Amino acid sequence: MKIALFGATGAVGGYFLNKALAAGHEVTALVRSPEKLVAQPNLRAVKGDVTDTSDVQSVINQTDVVVSCLGNVKGVMIMERAAEAILQAAAAQSNPSKCLFVSSIGCGGSSWVVLQLLRLINGRAVFADYERADARIAREANVPYVLIRPAA
């Protein structure tokens, strides 16, 4: 399987990357810093910006599935803009790739307690960005997607 991966240098994305490569899949990862990834067979690292639709498009062409393991880091809120760029790039394909988006527990009412804790830890604006991203994904009508909210 050919996979386009966003968030490959993070904790969840790195775990997904290792599992996908171990299973023999081809992975193209769009990252800000390709040097953070160790060169491996079946891995192609592409330098780019996940909020830029043209950068995203260059990675998802000819893939079977798009996987987003993105998260906001250091107060830089990218979730809503990244979801929009990924969905626009996928929708531009004649046969849109399936998209898997890993979100966060607490989003969409999945856990009120966790939501309150995460708002205290990360701030309301950061978590609101996750909520807007989830809402944008849920409105998508042209791209097949799965929105994943981890249980922990």
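Author: A nonpolar core is a set of buried Ala, Val, Leu, Ile, Met, Phe, Trp, Tyr and Cys residues joined through side-chain atoms within 4.5 Å. The model discussed here is predicted.

Reader: Which residues of the largest nonpolar core touch the most other members?

Author: This core holds 27 residues. The elements that give two or more residues to it are β1 (2-6), α2 (53-60), α3, β5 and α5 (124-138). The residues that touch the most other members are F6, V50, V56, I60, L70 and I86.

Reader: With which residues is L70 in contact, leaving aside neighbours within four places in sequence?

Author: L70 is among the core residues that touch the most other members. L70 also lies among the lining residues nearest the centre of the largest pocket. Leaving aside neighbours within four places, its contacts are F6, G7, V50, I78, M79, A82, I86 and V102.

Reader: What is the volume of the largest pocket?

Author: The lining of this pocket counts 31 residues, with C69, L70, G71, N72 and V73 nearest the centre. α1 (11-22), β2 (26-31), α4 (112-122) and α5 are the elements that give two or more residues to this lining. The volume of the pocket is about 810 Å³.

Reader: How do the residues of that lining divide into nonpolar, polar and charged?

Author: The lining of the largest pocket has residues of each class. They divide into 15 nonpolar, 12 polar and four charged.

Reader: How many cavities of 30 Å³ or more are there, and what volume has the largest cavity?

Author: The count at 30 Å³ or more comes to one cavity. The volume of the largest cavity is about 90 Å³.

Reader: Which element gives the most to the lining of the largest cavity?

Author: The lining has 13 residues, and M79, F101, V102, A133 and I137 lie nearest the centre. By class, 10 are nonpolar, two polar and one charged. At least two residues each come from α3, β5 and α5. With four residues, the element that gives the most is α5.

Reader: Is Q93 buried or exposed?

Author: Q93 sits in the loop between α3 (79-91) and β5 (98-102). Leaving aside neighbours within four places in sequence, Q93 is in contact with Q57, I60, N61 and Q62. The cut-off for buried is under 20% relative accessible area. Q93 has 12% relative accessibility, so it counts as buried.

Reader: In what order do the elements of the protein chain run from the N terminus?

Author: The chain has five helices and six strands. From the N terminus on, their order is β-α-β-β-α-β-α-β-α-α-β.

Reader: What radius of gyration does the protein chain have, and what would a compact globule have?

Author: The C-alpha trace spans about 40 × 35 × 25 Å along its principal axes. Buried residues make up 43% of the 152 residues. For a compact globule with 152 residues, the radius of gyration would be near 15 Å. The chain agrees with that, because its own value is 15 Å.

Reader: Among contacts between residues at least 6 apart in sequence, what share joins residues at least 24 apart?

Author: This share concerns contacts within the protein chain. The part that joins residues at least 24 apart is 60%.

Methods. Residues are numbered from 1 along each chain as its sequence is written. This is a predicted model: local features need pLDDT of at least 70, side-chain atom pairs count only at pLDDT 80 or more; totals for chains, interfaces and linings use all residues. Side-chain values use heavy atoms; hydrogens and water are left out. Buried means under 20% relative accessible area, exposed over 50%, partly exposed in between (1.4 Å probe, protein chains only). Contact means heavy atoms within 4.5 Å. On a 1 Å grid over the protein atoms alone, a cavity is a set of points where a 1.4 Å probe fits but cannot get out, and a pocket is an open set with protein on both sides within 12 Å along at least five of seven lines; lining residues have an atom within 4 Å of a point. Grid points are joined across faces, edges and corners, and a volume is the space filled by probe spheres set on the points. Ala, Val, Leu, Ile, Met, Phe, Trp, Tyr, Cys and Pro count as nonpolar, Asp, Glu, Lys and Arg as charged, and the others, Gly among them, as polar. The radius of gyration is taken over C-alpha atoms; the globule rule is 2.2 Å times the number of residues to the power 0.38.
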